[in-house]
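Please look over the sequence and the model before reading on.

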Amino acid sequence: VQLQASGGGLVQAGGSLRLSCVASERTFSMESMGWFRQARGKEREFVAHIGQSGGAKWYADSVKGRFTISRDNRKNTVYLQMNSLKPEDTAVYYCSSHPGGWLIYSAARDAGMYEYWGQGTQVTVSS
């Protein structure tokens, strides 16, 4: 399984970006997906999770109300729409897949629950 993330870049505070992650696996529609991020010198942290049908969604408190996760199973793609970006959102963003149904919030936040990871895409927010 390969996950290819894209859409990162440099944006001013208050701006928006949309990240995309395309999965090579044909069973994408049966997998739940997550976005994580890792800032320089910090541990990887949970950002958002979406169930296989798109109905279940979880967000980290730090991005709730600003970020939206979605998916298009016809395109094997998961998205992360990021609005009202802040300098503290600067990080490498990773998409990941869990080979099963949606996860409860506490499990969705655990990077160990995800089996495959994309290569990451850099998001830099300037003040």
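## Overall build

Of the 127 residues in the protein chain, 46% are buried (under 20% relative accessible area with a 1.4 Å probe, protein chains only). This is a predicted model, in which local features need pLDDT of at least 70 and side-chain atom pairs count only at pLDDT 80 or more, while totals for chains, interfaces and linings use all residues. Residues are numbered from 1 along each chain as its sequence is written, and side-chain values use heavy atoms, leaving out hydrogens and water.

The protein chain has one helix and eleven strands (DSSP runs, H or I of at least four residues for helices and E of at least two for strands, numbered from the N terminus). Their order along the sequence is β-β-β-β-β-β-β-β-β-α-β-β.

## Strand β5 and its partners

Strand β5 (residues 45-50) is largely enclosed by the rest of the structure, because five of its six residues are buried. Strand β4 (residues 32-38) pairs with β5 in the antiparallel sense over five bridges; pairing requires at least two DSSP bridges between two strands. Here F36 stands opposite F46 in β5. Six residues lie between the strands of this β4 and β5 hairpin, where G41 has a positive phi near 80 degrees.

β5 also pairs with strand β6 (residues 57-59), in the antiparallel sense over three bridges. H49 has W58 in β6 as its bridge partner. The hairpin of β5 and β6 has six residues between the strands, and G54 in the turn takes a positive phi of about 90 degrees.

## Contacts of Y93

Y93 touches residues including W35, F36, V47, L80 and M82, with residues up to four places away in sequence not counted. A contact means heavy atoms within 4.5 Å.

Notes: Buried means under 20% relative accessible area, exposed over 50%, partly exposed in between (1.4 Å probe, protein chains only).
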